[in-house]
Amino acid sequence: MNAPLLAVRMLGLLGFLVLSVSAQVPEYTAQLLGPGVVINDMNEGGQVVGWSLPPGLGVQAFLNGPGGQQLILPLPSGYQSGWAQGINDAGVVVGSVAVGGFPEFGVPAAWWPDGLGGYDVELLD
């Protein structure tokens, strides 16, 4: 291998290492959402979804944003429990709802942002 080519490759490797070392390391903070809360997914905007067991209610699907405001997702008429399993970067939530207390075995559902800070629920069966 000739010396100029080797020197160019070494400079390229050195440049890569310098860029790798100077890359920003993300910082995270923990936020307590409360007792009886399970998080199942988080999107790039920092919104998390999951389920909780509020006192006096069955299992409820929720969404929580970076500001800490928890929103219990609405249930279709006649349903008593919900389970949020995933959220995409557009804020669309997927999960399931049930007439009884076991939403993980219920009907597939999606929650769509309504443009007013809330959500509309749609059964996907």
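Which residues of E3 point one way, and which the other way? Gln60, Phe62 and Asn64 point one way from E3, Ala61 and Leu63 point the other way, and all are buried. The model is a predicted one, in which local features need pLDDT of at least 70 and side-chain atom pairs count only at pLDDT 80 or more, while totals for chains, interfaces and linings use all residues. Residues are numbered from 1 along each chain as its sequence is written, and side-chain values use heavy atoms, with hydrogens and water left out.

**View 1. Strand E3 and its burial.** Strands (E, at least two residues) and helices (H or I, at least four) are DSSP runs, numbered from the N terminus. Buried stands for under 20% relative accessible area, exposed for over 50%, and partly exposed for values in between, with a 1.4 Å probe and protein chains only. Because 5 of the 5 residues of E3 are buried, this strand is largely enclosed by the rest of the structure.

**View 2. The pairing partners of E3.** Two strands pair if DSSP finds at least two bridges between them. Strand E2 (residues 48–52) pairs with E3 in the antiparallel sense over 5 bridges, and valine 49 stands opposite leucine 63 of E3. The antiparallel pairing of E3 and E4 has 3 bridges; here leucine 63 stands opposite leucine 71 in E4.

**View 3. The loop from E3 to E4.** Glycine 65 lies in the loop between strand E3 (60–64) and strand E4 (70–72). Its relative accessibility is 14%, so glycine 65 counts as buried.

**View 4. The largest nonpolar core.** A nonpolar core is a set of buried Ala, Val, Leu, Ile, Met, Phe, Trp, Tyr and Cys residues joined through side-chain atoms within 4.5 Å. The largest one has 12 residues: Val49, Ala61, Leu63, Leu73, Ala84, Ile87, Val93, Val97, Val107, Ala109, Trp111 and Tyr119. Two or more residues of this core come from each of E3, strand E5 (81–87), strand E6 (93–98) and strand E7 (107–113). E7 gives the most, with 3 residues. Contact means heavy atoms within 4.5 Å; leaving out residues up to four places away in sequence, valine 107 touches Tyr79, Gly95, Ser96, Val97, Leu123 and Asp125.

**View 5. The aromatic pair.** Rings of Phe, Tyr and Trp (its six-membered ring) pair if their centres lie within 6.5 Å; planes under 30 degrees apart count as stacked, over 60 as edge-to-face and the rest as tilted. The structure holds 1 aromatic pair. The ring centres of tryptophan 51 and tryptophan 83 are 5.3 Å apart and the planes are at 15°, so the pair is stacked. Tryptophan 51 is in strand E2 and tryptophan 83 in strand E5, 32 residues apart, and the pair links distant parts of the chain. Tryptophan 51 is buried at a relative accessible area of 18%, and tryptophan 83 is buried at 18%.

**View 6. The open sheet.** The order of this sheet of 4 strands is E5-E6-E7-E8, with antiparallel pairing. E5 and strand E8 (119–123) are the edge strands, each pairing on one side only. E5 and E6 run antiparallel and are joined by 6 bridges, and the bridge partner of glycine 82 is valine 97 in E6.
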